[in-house]
Amino acid sequence: MSRPVRFFIPAIFVSFTLAATGCKTVYSDMYSPRRNHFIPKKEKPKAAPEIPVLETTPTTTPAPDLGLPPAAPTSAPAPVAPADAAPMIPGL
């Protein structure tokens, strides 16, 4: 790169950033310390739609059998390894 290009590229970049930050935004008047005349619209209360109540007759048919096995009994204690048994991981 030649020496003038090394000066002009940063100068163009700086001038562009300064020009872009000087522009107004959509929110500049809203958040400025000056008084604005913005009055938000009041929301109208919406009436909830009425849900029709359907009368149902209770069903007396039993639930279908799913074929699941019965639960295992929990009265038996869990198996415990004897105290003098060798450890499962060698070196412990």
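**Getting to know this chain**

Me: Is tyrosine 31 buried or exposed, and what is its relative accessible area?
Reply: In this predicted model, local features need pLDDT of at least 70, side-chain atom pairs count only at pLDDT 80 or more, and totals for chains, interfaces and linings use all residues. Residues are numbered from 1 along each chain as its sequence is written, and side-chain values use heavy atoms, leaving out hydrogens and water. Tyrosine 31 is exposed (over 50%; buried is under 20%, partly exposed in between, with a 1.4 Å probe and protein chains only), because its relative accessible area is 67%.

Me: Where does tyrosine 31 lie relative to helix 1?
Reply: The chain has one helix and zero strands (DSSP runs numbered from the N terminus: H or I of at least four residues, E of at least two). Helix 1 covers 3–21, and tyrosine 31 lies in the segment after helix 1.

Me: What share of the chain's residues count as buried?
Reply: The chain has 92 residues. Of these, the part that counts as buried is 1%.

Me: How many aromatic pairs turn up, and why does phenylalanine 7 with phenylalanine 8 get its label?
Reply: Searching the whole structure gives one aromatic pair.

Definitions and conventions: Phe/Tyr/Trp six-rings, centres within 6.5 Å; stacked < 30°, edge-to-face > 60°.
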